Amino acid sequence: MHLLLRSKRIRDVLAFLIAAAAYGQQSDVPELAQLKIAAESGDCVSEYAYGLRVVASNPAESLAMLTKSADQAYGPAEDAVGAYYFQRHTLDPKIYSAQRRESVRWTSRAAFKGIPEAQARLSEFYETGDV
C-alpha cells in the first residue's frame with residue numbers, strides 16, 4: 001500500500017481502485033494496482049502479467065499491454081499476442097488475412113525463442129500455407 005501512497009498519480013490510482021472494487025476484486029486490488037503502475041512504467045514482464053490479469057475485464061487494455069510487452073521482445077507476450085490474433089474469427093476476408101499475418105508475425109518471434117505453444121502454432125501455419 002505504501003507504493004500507492006507515494007504515487008504521483010494518486011487520482012488515477014484511486015479511480016483504478018474504485019473500478020477494480022466494482023468488479024468484485026477487493027482482495028486483489030492493491031496487488032493489481034501496483035502491477036498496473038509497474039506496467040505503465042514500461043517493465044515488459046509487468047506489462048505481460050497485467051495484460052493477462054485484466055483480459056476478462058478489459059480486453060482492449062489487455063491487448064494493448066501485451067503488445068507493449070511484445071514490442072520489447074518479451075517471448076511470452078509475443079506468444080500471447082500471436083495466440084490472440086490466431087483465435088480471432090471474422091467473415092471479412094481482408095480482416096481475416098490481416099489478423100492471420102499479425103498472428104504469424106508474433107508467433108514466429110515467440111517460436112524462435114523456443115516457446116513450445118508458439119512452435120506448435122507456427123507449424124500449423126506452415127501446414128495450412130499461411131507462411
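Glu78 lies in helix H6 of this predicted model. Its relative accessibility is 1%, and because buried means under 20%, Glu78 counts as buried.

**Around Glu78**

- The side chains of Glu78 and Lys113 are joined by a polar contact of 2.8 Å.
- Leaving out residues up to four places away in sequence, Glu78 touches Ala70, Ala73, Trp106, Thr107, Arg109, Ala110 and Lys113.
- Two of these neighbours, Arg109 and Trp106, also meet in another way: the charged end of Arg109 sits over the ring of Trp106, 4.8 Å from the ring centre.

**Nonpolar cores**

- The largest nonpolar core is made of eight residues, namely Leu63, Leu66, Ala70, Ala77, Ala80, Val81, Tyr85 and Trp106.
- Helix H5 (59–71) and helix H6 (75–87) each supply at least two residues of this core.
- Helix H6 gives the most to the core, with four residues.
- A second, separate core has seven residues, among them Val104, Ala110, Ala118 and Phe125.
- Tyr85, a member of the largest core, is in contact with Leu63, Gln99, Glu102, Ser103 and Trp106 when neighbours within four places in sequence are left aside.

**Aromatic pairs**

- A pair of aromatic rings is described by the distance of the centres and the angle of the planes.
- The whole structure contains three aromatic pairs.
- One of them joins Tyr48 and Tyr74 edge-to-face, with 5.5 Å centre to centre and 70° between the planes.
- This pair links distant parts of the chain, since Tyr48 is in helix H4 (residues 44–53) and Tyr74 is in the loop between H5 and H6, 26 residues apart.
- Tyr74 has a relative accessible area of 22% and is therefore partly exposed.
- Tyr84 and Tyr85 also form an edge-to-face pair, with 5.1 Å between the centres and 80° between the planes.
- Tyr84 is partly exposed because its relative accessible area is 28%.

**The chain as a whole**

- The secondary structure consists of eight helices and zero strands.
- Along the sequence, the pattern reads α-α-α-α-α-α-α-α.
- The chain has 131 residues, of which 37% count as buried.
- Among contacts in the chain with a separation of 6 or more, 44% are between residues 24 or more positions apart.
- The accessible surface of the chain is about 7,900 Å², and 58% of this surface belongs to carbon and sulfur atoms.

Technical notes: Residues numbered from 1 in each chain as written. Heavy atoms only, no water. Core = buried A, V, L, I, M, F, W, Y, C linked by side-chain atoms within 4.5 Å. Buried < 20%, exposed > 50% of the residue type's maximum accessible area, 1.4 Å probe, protein only. Contact = heavy atoms within 4.5 Å. Areas by Shrake-Rupley, 256 points an atom, 1.4 Å probe, with all protein chains shown as cover. Polar contact = N/O pair within 3.5 Å; in protein donor to acceptor, adjacent residues only side chain to side chain. Phe/Tyr/Trp six-rings, centres within 6.5 Å; stacked < 30°, edge-to-face > 60°. Lys NZ or Arg CZ within 6 Å of the ring centre and 35° of its normal.
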